[in-house]
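Please consider the structure shown here. The questions that follow concern its helices, domains and interface.

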Amino acid sequence: MIHSKAVETTVGVFIALGLAAILVLALKVSNMNMFDADDGYTIIANFDNIGGLKVRSPVKMSGVLVGRVSDISYDDETYEAVAEITIDPKYAKIPEDSTANIYTAGLLGEQYISLDAGGAEDYLADGGQIEITQSAVVLEQVIGQVMFDKASGDDEE
Amino acid sequence: MIRSLGRMGINAFGWLGRSWIFLFYVISGIFGALKRWRDLFAQLYSVGVLSLVIIIVSGFFVGMVLGLQGYNTLSDFGADESLGVFVSLTLVRELGPVVAALLFAGRAGSALTAEIGLMKSTEQLAAMEMMAVDPLHRVVAPRLLAGILAMPLLAAIFSAVGVYGGYFVGVGLLGVDDGAFWSQMQSAVDFNGDVMNGIIKSLVFGFVVTWIAVFEGYDAVPTSEGIGRATTRTVVNSSLAILGLDFILTAIMF
């Protein structure tokens with residue numbers, strides 16, 4: 001049997017190495033220090049079509065991540081999709097008349113909500129609603145539009 | 001013919017029953033094993049520290065291969081910035097726990113079986129019983145506990161080293177952007193959903209592999225041939241158990 005002091009030291013190194021690896025996975029790989037979705041405030045935005053938006057999709061202002069989509073549901077009174085957005089409490093000053101658009105990151109990338117600041121004096125509070133929204137661009141609709149325009153253009157000639 | 005089928009069934013159920021009874025005896029001794037922490041440390045040394053080299057080296061190579069293969073496929077779509085996501089999710093969710101557990105079964109599991117089997121054939125276990133020391137509590141329990149504790153640490157080291165292996169190939173050799181590699185990885189990998197589930201997987205694998213290893217050693221026919229067979233059975237059975245359980249755990253978790 002190896003000397004017990006040496007065993008204890010190497011086992012200590014092993015455990016430290018293992019915990020360090022978990023820490024690397026937590027902080028470097030998965031970025032755990034990002035804000036917790038529970039302690040932000042929630043605002044609501046209704047969209048005609050949310051496209052490929054998912055729960056946990058990013059919400060950005062000027063390209064900066066300010067929050068995440070925390071819940072998506074369907075309102076069968078207004079026939080609209082309701083996206084619940086949790087905003088990091090650091091960003092408490094979002095004007096009330098801000099607009100929400102659904103954009104796509106890159107050609108094939110994920111979809112995200114982009115908030116564009118308005119000019120109102122009052123800020124959105126917990127439970128507030130964004131009135132002006134623009135739906136996701138659905139590729140089939142765009143193609144359909146282009147083809148329709150082209151076809152109607154040909155008629156005029 | 002019918003008789004041999006019946007004997008096979010009886011043997012299989014006898015084996016299954018013995019392994020469960022064995023497990024309950026051992027688990028009842030786990031608190032005692034926690035108190036004898038010197039024994040536990042010695043076992044952590046032999047199953048954990050001695051497996052470290054193979055885990056680190058294979059983790060690095062697996063990460064590098066993932067980096068190469070992922071780059072070749074992703075660059076076809078112009079998405080080579082997603083290499084970090086690909087490498088880290090593959091490692092953290094699947095390859096880390098599974099490959100580390102397979103290596104663990106080959107490296108530490110076989111050694112455990114041979115050690116306990118030899119103790120049995122040289123009648124050390126019987127001698128302990130004669131001295132009113134329960135070998136299941138004294139010999140087996142610290143080994144089982146050490147296996148359960150060491151496996152998640154080894155799997156985490158495997159994944160972390162593998163991510164750096166992928167980073168080395170992707171960013172260092174193939175020229176993927178450094179910032180995009182890490183930032184896309186961080187936005188795609190969820191700590192609770194991905195990293196923790198991987199750790200839970202490796203806990204389960206550690207438990208199952210060590211259980212199979214110590215049971216096969218304890219149940220071995222106490223001859224040199226019997227110990228050889230038991231060692232082989234440990235590696236085969238625990239590899240099958242790892243892969244089967246991995247499918248079930250993945251289906252439940254993700």
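Predicted model: local features only at pLDDT ≥ 70, side-chain atom pairs only at ≥ 80, totals over all residues.

Residues are numbered from 1 along each chain as its sequence is written, chains are lettered from A and ligands numbered from 1 in the order in which they are written, and side-chain values use heavy atoms, with hydrogens and water left out.

Me: How many helices does chain B have?
Reply: Helices (H or I, at least four residues) and strands (E, at least two) are DSSP runs, numbered from the N terminus. Along the sequence, chain B reads α-α-α-α-α-α-α-α-α-α. Its C-alpha trace spans about 70 × 50 × 30 Å along the principal axes. Chain B has zero strands, and its number of helices is 10.

Me: Are helix 7 of chain B and helix 9 of chain B roughly parallel or roughly antiparallel?
Reply: Axes are lines fitted to C-alpha atoms, for helices over the stretch in contact, and angles run from 0 to 180 degrees between N-to-C directions. The axes of helix 7 (residues 135–173) of chain B and helix 9 of chain B come within 8 Å and cross at roughly 150°. Angles under 35 degrees count as roughly parallel, over 145 as roughly antiparallel, 65 to 115 as roughly perpendicular and the rest as oblique. The two helices are therefore roughly antiparallel.

Me: What is the handedness of the crossing of helix 9 of chain B and helix 10 of chain B?
Reply: Helix 9 (residues 191–219) of chain B packs against helix 10 of chain B at about 155°, with axes 9 Å apart. A crossing is left-handed if the near helix is turned anticlockwise from the far one by less than a right angle, and right-handed if clockwise. For helix 9 of chain B and helix 10 of chain B, the crossing is right-handed.

Me: How many charged residues are in the contact of helix 5 of chain B with helix 10 of chain B?
Reply: The axes of helix 5 (residues 83–121) of chain B and helix 10 (residues 224–253) of chain B come within 9 Å and cross at roughly 150°. That makes helix 5 of chain B roughly antiparallel to helix 10 of chain B. Ala, Val, Leu, Ile, Met, Phe, Trp, Tyr, Cys and Pro count as nonpolar, Asp, Glu, Lys and Arg as charged, and the others, Gly among them, as polar. The contact has 11 nonpolar and 11 polar residues, and the charged ones number two.

Me: Which residues of chain B lose the most area to chain A?
Reply: With contact meaning heavy atoms within 4.5 Å, 30 residues of chain B touch 25 residues of chain A. Buried area is the accessible area (1.4 Å probe) that two parts lose on being put together, summed over both. Between chain B and chain A it is about 2,400 Å², with 80% from carbon and sulfur atoms. Together giving 24% of what the chain B side buries, the residues that lose the most are B:Leu153, B:Gln186 and B:Phe191.

Me: What distance separates the centres of domain 1 of chain A and domain 2 of chain A?
Reply: Chain A is divided into domain 1 (1–30) and domain 2 (41–144), with bounds from an automatic or database domain assignment. Taken over C-alpha atoms, the separation of their centres is 44 Å.
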